[in-house]
Amino acid sequence: MNAGSENSMPRLSEPASALAKTVRIGDYRPRLRIGEYGTVASIGDGIAWITGLPSAAMDDVLMFEDGSWAVVFALTRKRIGAVLLHQTESLTAGTSARLAGRTLDVPVGEALLGRVIDPIGNPLDGGRPLESRSRRPLDSPSPPIVARDFVQQPLYTGTRLVDTLVPIGKGQRQLIIGDEGTGRSSLAIDAVLNQQGRDVRCVYVLIGQKRSAVVGTIDLLRNYGALVYTTVVVGEAGALPGLKYLAPFAGCAIAESWMALGHDTLVVYDDLSTHAQTYRELSLLLRRPPGREAYPGDVFHLHARLLERATVLNPANGGGSMTALPIVETRLGEIEAYIPTNLISITDGQIYLDPDLFAAGFKPAIDVTRSVSRIGGKAQHPRIKEEAGRMKLDYLQFLELEIFTRFGARLESGMEARIRRGRLLREILRQERLQPLPPEFQLAWMTAYNEGLLDAVPLAAVQNALNVLNTAVRSGSPALEASRGEWVEWLRQNLPRPGQDDP
């Protein structure tokens with residue numbers, strides 16, 4: 001506890017005219033000022049141990065006399081463990097600390113669209129400081145059950161395989177899981193690019209990635225016109241561990257603010273494996289007891305608390321939605337590891353990317369046998385759902401039948417026809433990255449496939465035929481609500497015949 005004199009003088013950096021208006025020497029009265037101060041005992045690895053401050057609570061913000069600041073992360077009988085969020089070179093043991101009188105929050109609102117910020121709201125894109133009067137706590141309770149509504153509207157990712165066989169609804173939490181280098185981030189970026197013109201605001205959270213990867217992602221979003229409706233939250237690899245830990249909560253708070261105003265939002269967490277490792281690092285440094293794989297016992301609660309905030313609100317609460325696409329990494333395809341299994345149990349489904357499929361050249365390398373969307377089918381458009389029908393089941397049966405062909409077994413003509421159709425479908429499901437497709441095209445190719453209009457197309461010419469079909473759809477096609485007969489007639493007129501030159 002320190003005592004001193006208090007006055008109402010403004011900071012010395014203010015103009016002299018302001019001093020003349022606000023300071024009256026005759027009005028000055030020396031008074032006793034009582035405050036609670038602590039002292040830094042040690043500093044290291046992004047952690048500060050502090051003595052004193054008996055009234056400090058978890059998640060309180062601490063200010064240091066050198067300009068550094070931190071957030072309370074651990075309480076013991078004699079000391080406080082704090083995670084540094086801003087550190088100057090002059091922060092050393094013996095520096096005094098005080099409570100800031102607030103918890104962590106982040107600026108929210110329209111000013112964040114098109115911006116790149118760190119988890120505490122500082123701009124990283126070289127632009128002007130954020131001018132937002134609204135702020136929102138980084139960690140807040142998820143909406144109660146009475147404020148939620150059913151997932152009933154589709155969120156189109158632009159990926160053929162996802163929008164048809166593993167559909168996602170607005171307000172859903174769909175995990176993207178796979179080994180490093182299998183295209184997890186590309187799938188999420190395609191989903192963000194496909195929201196252009198769909199009135200969906202996006203938040204892309206980059207956790208622990210190298211600066212070159214961060215710049216590459218931002219450039220992609222900018223070059224494809226997606227940065228206009230996207231906010232990028234960055235906790236890069238070289239940042240303090242506290243910033244990497246807070247990054248997903250900051251992104252969630254920004255998306256949550258738009259959801260509360262009635263907007264549809266999409267937030268991508270890239271990726272939560274790195275986030276869990278950062279949390280493990282901080283917890284071990286703060287001497288929390290380790291559990292399985294040295295992770296703290298509450299790591300499941302940490303991610304559940306984050307992802308439970310993704311939902312769709314009912315009309316009485318604005319009707320907005322937040323769709324979450326968390327990304328998690330597996331090692332050598334070990335889907336049973338601790339963090340992946342945690343996130344599988346928290347989310348509403350997963351999209352599994354297989355390294356063997358990726359190595360074989362099938363992209364996106366989505367393993368249909370391990371991918372599932374538990375509630376997305378309820379949000380799928382009725383016409384797309386009608387055409388998708390048994391397509392996933394038939395494709396899975398084809399994969400089983402194809403195994404027999406590897407042994408040279410003779411098959412009945414009916415099975416050979418099914419295998420031929422399955423190979424055609426597999427070729428249709430191939431898709432290059434950064435080429436999201438509209439839902440009308442998804443309905444068009446499914447109708448053409450189910451009607452047998454693509455059976456005569458050689459496998460090598462399938463992609464060319466699909467490109468012609470996509471061009472025709474973008475030029476003008478029936479609406480999604482149109483009858484199947486209308487679509488079939490339109491397809492007969494616009495699909496290229498085998499041997500016909502592409503326009």
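## A pair to start with

Let's begin with Arg-370, which counts as partly exposed because its relative accessibility is 39%, between the 20% and 50% cut-offs. Keep in mind that this is a predicted model. The side chain of Arg-370 meets that of Asp-367 in a salt bridge, with 4.0 Å from N to O. Asp-367 has a relative accessible area of 10%, so this residue is buried.

Salt bridges can also share partners, and here they join Arg-383, Glu-386, Glu-387, Glu-451, Arg-484 and Arg-492 into one network.

How many salt bridges does the count come to? The count comes to 24 salt bridges. One of them is formed by Arg-136 and Glu-256, whose closest N and O atoms are 3.4 Å apart. This pair links distant parts of the chain, since Arg-136 sits in strand β11 (residues 134–137) and Glu-256 in helix α5 (residues 241–260), 120 residues apart. Is Glu-256 buried or exposed? Glu-256 is buried, because its relative accessibility is 3%. Arg-136, on the other hand, has 25% and counts as partly exposed.

Asp-219 and Arg-222 form a salt bridge, and their closest N and O atoms are 3.3 Å apart. Both belong to helix α4 (residues 211–223), where 3 residues, or about one turn of the helix, separate them. Asp-219 is partly exposed, with a relative accessible area of 33%. Arg-222 is partly exposed too, at 42%.

## Empty space inside

How do you find the gaps? Rolling a probe the size of a water molecule over the atoms shows where empty space is left. In this model, that gives 2 cavities of 30 Å³ or more.

The largest cavity holds about 50 Å³ of space. Which residues line the largest cavity? They are Thr-157, Thr-159, Val-162, Ile-168, Ile-176, Leu-187, Ala-191, Leu-325 and Ile-351. Sorted by class, this lining has 7 nonpolar residues, 2 polar ones and no charged ones.

The second largest cavity has a volume of about 30 Å³. Its lining is made up of Pro-154, Leu-155, Tyr-156, Asp-163, Pro-167, Ile-168, Gln-380 and His-381. By class, the lining of the second largest cavity divides into 5 nonpolar, 2 polar and 1 charged. Look out for Ile-168, which lines the largest cavity and also the second largest cavity.

Technical notes:
Residues numbered from 1 in each chain as written. Predicted model: local features only at pLDDT ≥ 70, side-chain atom pairs only at ≥ 80, totals over all residues. Heavy atoms only, no water. Helix = DSSP H or I, 4+ residues; strand = E, 2+ residues; numbered from the N terminus. Buried < 20%, exposed > 50% of the residue type's maximum accessible area, 1.4 Å probe, protein only. 1 Å grid on protein atoms, 1.4 Å probe; cavity = no way out; pocket = protein on both sides within 12 Å on 5 of 7 lines; lining within 4 Å. Points joined across faces, edges and corners; volume = space filled by probe spheres on them. Nonpolar A, V, L, I, M, F, W, Y, C, P; charged D, E, K, R; others polar.
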